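Keep the structure open while reading.

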Amino acid sequence: MQPLPPLGPTRFRSPTERLRHGTDPARCLDGDGPRAWESLEREVRRATSRGCECGGTVEVGGCSSGCPFADGEEAGRSAAPHRRRGRRTTWRAEPPADAELALGLCHADPRVREAAVGRSAGRPGLLPLVVLRCADADEPVRTAARTELAAALRPAGDAAVRSLVPLAVLMRARRHGVGAWDLLLARLGSVPVADLARLTADPDPEVRHPAVKAALHHGVLPADRVAAIVAEDPAPGIALTALRRGGLPGGRVAGFVLTGRTPEIRRESLELVLRTGASTPARLAEIAAESRDPVVRRRCEEALADFLGDPRGEPPAADLLDALLGNSRSAVRAHAVGALRGAGRAHETSAHLSDPAARVREAARRALRAAGEDPAAHYRAACSRPAPAPAAVLGLAETAQARDLPRLWELARHPEGRIRTAALSGLRRQRAATPEQLLSFLGDPHAPVGRAVRSAVLPYARSRPQSWLLGLFARDRPAGTGAAGLTLVGQRPLLVRRRLAGSLTSHPDRAVRRWARHLLQQRLTWDLAAGLDAARELVHGEDTPLDEVIDTSDPHAWTALDLAVRRLVPHPDRHGRIEIALCHPDGRVREAAIRSAAGRPDLLPLVVLRGADWTPQVRGAAQSVLLDALRNSGPPTLRTATPMVTHLRGRREARWAVGAFEAALRDPAHAEVLTGLYRHPHLPTRRAAVRIGLEAAPSAAAEPARRAAREPDAVLRHLWTDAALAALAAHGPDAAALDALLGSRSGSVRAAGVTALRAAGRAGEAERHLADPSALVRSCARWLIGQRGGQGGDARAHYLRRCADAPSPGAVLGLAECARREDSGVLLGLLGHPEGPVRAAAVAALRLLGGPGSRPEVLRPLLDDPAPAVAREVTLSLLPVAGLLPADWLASRTGRGRPAHTRRAAVRLLAVQGSDEALRAAVALLDDPDPLLRRAALALLRRWDWPATAERGGLDPRELRGLFHRYASENGWSESLRRLHGS
């Protein structure tokens with residue numbers, strides 16, 4: 001069975017093709033309702049509009065093989081009406097059939113439509129198309145169709161006439177579509193209320209909208225129905241039409257100002273309410289407070305302002321003015337404060353000087369100034385209290401004079417956070433505080449205080465040194481300073497943030513500590529994106545230090561910057577920064593910048609990069625500058641430029657630099673520089689320096705042995721180990737060197753140390769290394785015991801003693817490497833050891849030894865071992881015989897109640913089996929919370945042989961299809977089918 005994606009829609013003949021084949025017009029429609037006739041007309045017109053003039057005729061579909069009717073039949077063109085130039089329209093048959101007339105009634109040529117209308121008399125099946133022609137854009141066609149429709153409606157019954165109502169309503173939306181509707185109304189004698197009511201509930205909005213318009217035009221839609229359309233119709237345009245033309249009373253319209261589903265309905269409802277005066281000022285104030293529409297709120301506030309500010313009107317009543325003064329909208333309160341004087345309540349104005357909204361405070365100040373009072377005096381009196389209102393502090397700041405600034409500074413240290421925030425905002429408004437003065441407020445425990453000063457401090461903090469930034473996180477700072485300092489650090493380049501994060505991983509503030517650790521866990525990769533960020537920093541920041549933008553010790557950072565500048569900087573531009581000029585797309589700019597870079601050690605990596613430039617003139621200038629730097633200041637040049645030279649070793653144009661720098665490093669005068677490069681973070685530089693150093697001046701064994709013991713790179717460990725062994729062979733035993741080799745964490749280095757024990761006369765220490773975790777070390781130790789003169793059984797006896805007394809994983813594995821078949825009993829006994837690593841080693845040893853201990857029935861119970869290492873070793877042992885394991889037993893171990901390592905082991909074994917239970921289990925794991933299990937299950941299903949599973953017949957086809965659909969929904973259909981077909 002081949003699973004397939006869901007089938008698409010089947011392709012049928014189009015309505016035009018059905019008409020051409022003689023099908024009755026009513027049976028050619030795609031769907032029901034008036035829209036189906038409209039679609040038929042549109043498709044036929046589109047098909048006939050592609051006709052071409054050929055041989056003096058205008059034909060449906062033209063005369064090419066690509067026309068809609070040229071499908072291999074000879075009747076393709078003769079079956080459709082056409083009109084010869086200068087002559088009448090001709091038909092295939094006389095009289096023409098309904099299908100042929102339907103093609104003519106929808107034809108793109110108006111002459112054909114007019115002729116078809118004239119032949120439609122006495123044909124009830126064509127009346128819907130005649131109704132369409134009553135709204136025709138061509139006047140002769142429209143006139144003929146209306147005449148024909150009037151004649152056809154006179155003898156027709158009421159039921160036949162009412163069947164045309166939906167199409168006539170739909171035609172009312174057209175420019176000339178009212179004629180057919182008027183003819184139907186004249187025939188019926190009244191408006192078809194029931195038909196219109198049914199159409200206003202039609203599911204098609206294209207039918208529902210003109211029906212609502214017609215019902216509203218004739219006034220047959222009840223107010224309740226109009227309100228229901230406004231409130232519930234899913235089409236916003238229909239609801240808006242009902243609202244505008246429905247004539248609803250003002251009370252019902254006012255309800256839509258807040259409950260309308262769309263902004264247009266809410267705003268239109270408000271305009272209707274305002275035009276009809278159906279709402280009071282108090283209600284407008286409530287709407288302004290409750291509405292979430294900003295346009296509605298603003299319009300209500302404008303209406304209230306007009307009401308309160310009308311000099312010819314009566315003063316507002318006391319209860320209304322009180323309601324407006326307590327409104328939640330600041331604009332409403334501001335207008336009400338301005339109306340206090342006209343209402344004879346001017347003495348209440350000063351109470352609003354401490355309003356939380358600046359707009360209201362300004363209105364109160366204007367009113368007081370108009371009455372001849374000084375608002376600043378009121379603010380000074382309010383702020384002289386022990387606990388002034390924050391709004392009063394803001395008011396004092398808004399009207400402050402020079403003598404008020406000391407009071408604002410006192411309030412900036414007030415115990416209440418809101419007052420401190422208001423005072424600081426006022427000081428900033430008066431420009432009476434410098435960034436240095438505001439820094440002490442950055443870590444205020446009240447968060448709004450920090451926000452009030454942050455925008456002033458941020459630009460200043462960008463120019464501060466890194467030590468200043470680090471001081472923000474000192475342990476003696478207030479609790480909130482560290483978190484506030486993170487905002488300042490976030491404005492600095494990535495390298496600065498990483499350097500600061502290295503000192504903050506143990507900060508007492510949890511947020512700072514988490515930020516630092518998360519940033520350091522992210523790997524810094526100098527790709528094109530990082531280079532573009534660095535280039536933007538340099539282009540837009542003329543004073544930004546270079547070491548804050550890129551890691552100057554990493555050659556990848558320089559090459560990323562070089563590539564980014566060429567993409568970022570336009571060709572004709574000139575930039576003041578020499579770093580940008582050295583990477584500029586224009587070779588003449590680069591050449592001039594190289595001359596300016598002479599004597600700048602920090603730019604030597606870019607000069608080296610230009611020494612491998614593709615332009616000969618640039619390359620020659622860079623070579624001259626580099627050679628001069630090597631002659632005049634060799635050690636600093638080597639320290640700075642060697643990593644970039646090593647990085648460019650593969651470029652053909654950089655070979656001269658590689659030769660020159662390697663020759664300089666071999667000079668004994670630069671031995672200290674070479675030794676320093678052994679610890680360089682750039683790995684290729686370290687490797688090159690070690691190779692040159694070992695070739696130039698081999699040292700005693702102790703130094704390379706110590707370096708080999710702590711070297712993380714495998715290639716360098718091998719180089720240092722070989723150098724240490726060569727020095728031991730040349731200069732004799734060295735106890736310090738041997739101890740360093742034997743104490744290394746690397747197995748290969750320890751193995752070299754064990755091998756060197758014999759030459760040092762310390763072969764007796766070999767037994768101490770027989771149980772080493774590394775197989776290579778154990779092998780060397782056994783070789784050393786054999787070279788000492790003993791038999792191979794000595795190592796075996798040692799392992800047997802260790803396994804009997806104090807078994808360790810190394811001893812167990814060592815026994816398997818030199819044991820006999822009869823020793824499998826010892827290993828079987830270790831399967832029950834209390835330590836998990838020992839049990840895991842015993843399973844691995846039995847796998848190496850073979851025999852009865854590696855049988856499935858022995859290892860199966862260990863799959864449920866609580867130690868993950870044991871489950872992994874058991875899985876490796878059972879993989880060759882996974883087909884012998886019960887599939888249902890394995891599938892039961894993939895359930896969510898089992899430990900994660902047991903479930904992963906069961907999935908690995910099921911993947912080898914390829915059984916139906918494995919397929920079910922893998923699909924069930926696609927939504928498992930364990931990400932490792934999800935990936936394992938998805939990987940298994942991607943390589944699953946679905947056709948083979950279908951041929952095997954173990955699964956019901958519907959179940960198999962469901963499993964594949966579940967997998968495909970996770971993996972994507974295109975990818976699933978591609979893998980299914982092996983393409």
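## A term for helix pairs

A crossing is left-handed if the near helix is turned anticlockwise from the far one by less than a right angle, and right-handed if clockwise. Two packed helices are described by the angle between their axes and the distance between the axes. The model discussed here is predicted.

## Overall build

The protein has 58 helices and four strands. Its C-alpha atoms fill a box of roughly 130 × 100 × 70 Å along the principal axes. The radius of gyration is 46 Å, whereas a compact globule of 983 residues would come out near 30 Å.

Buried residues account for 48% of the 983 residues. Take the contacts between residues at least 6 apart in sequence: 57% of them join residues at least 24 apart.

## Helices α40 and α42

Helix α40 spans residues 683–696 and helix α42 spans residues 714–731; they pack at an angle of about 15 degrees, with axes 10 Å apart. That angle makes α40 roughly parallel to α42, since angles under 35 degrees count as roughly parallel. The crossing of α40 past α42 is left-handed.

Which residues of α40 and α42 meet? From α40 come L683, R686, R687, V690, R691 and L694. From α42 come V715, L716, L719, W720 and A723. By class, the residues of this contact of α40 with α42 are eight nonpolar, no polar and three charged.

An α-helix has 3.6 residues a turn, so residues three or four places apart point the same way. In α40, the contact residues include L683, R687, V690 and L694.

## Helices α41 and α43

Helix α41 (residues 702–710) packs with helix α43 (residues 735–742) at about 10 degrees, and their axes are 8 Å apart. The two helices, α41 and α43, are therefore roughly parallel to each other. On the α41 side, the contact is made by A702, A705, R706, A708 and A709. On the α43 side, the residues are A737, A740 and L741. The contact of α41 with α43 holds seven nonpolar residues, no polar ones and one charged.

## Helices α36 and α38

Here helix α36 (residues 616–632) and helix α38 (residues 655–666) pack at about 5 degrees, with their axes 12 Å apart. So α36 and α38 are roughly parallel to each other. Q623, L626, L627 and L630 of α36 meet W656, A660 and F661 of α38.

## Around helix α13

Helix α13 covers residues 236–245, and I238, A239, L240, T241, A242 and L243 in it are buried. What covers these buried residues? The cover includes α11 (205–218), α12 (223–232), α14 (250–259) and α15. Just after α13, G247 takes a positive phi of about 65 degrees.

E268 sits in helix α15 (residues 263–276). Is E268 buried or exposed? E268 is buried, because its relative accessible area is 17% and the cut-off for buried is under 20%. Beyond residues up to four places away in sequence, E268 touches L240, L243, R244 and R275. Of these, L240 and L243 are among the buried residues of α13.

T200 lies in the loop between α10 (193–199) and α11. T200 counts as buried, at 2% relative accessibility. Leaving out residues up to four places away, T200 touches R208, A211, V212, A215, L221 and R225. S744 is 544 residues from T200 in sequence and 88 Å away in space, C-alpha to C-alpha.

V907 is placed in helix α53 (residues 900–913). At 7% relative accessibility, V907 counts as buried. R893 is 14 residues from V907 along the chain, and their C-alpha atoms are separated by 8.6 Å.

## An exposed loop residue

Most residues other than glycine have a negative phi. What is the phi of R431? The value is near 55 degrees, positive in a residue other than glycine. R431 is found in the loop between α24 (417–429) and α25 (435–438). With a relative accessible area of 78%, R431 is exposed.

Conventions. Residues numbered from 1 in each chain as written. Predicted model: local features only at pLDDT ≥ 70, side-chain atom pairs only at ≥ 80, totals over all residues. Heavy atoms only, no water. Axes fitted to C-alpha atoms, helices over the stretch in contact; angles between N-to-C directions. Parallel < 35°, antiparallel > 145°, perpendicular 65-115°, else oblique. Contact = heavy atoms within 4.5 Å. Nonpolar A, V, L, I, M, F, W, Y, C, P; charged D, E, K, R; others polar. Rg over C-alpha atoms; globule rule 2.2 N^0.38 Å. Buried < 20%, exposed > 50% of the residue type's maximum accessible area, 1.4 Å probe, protein only.
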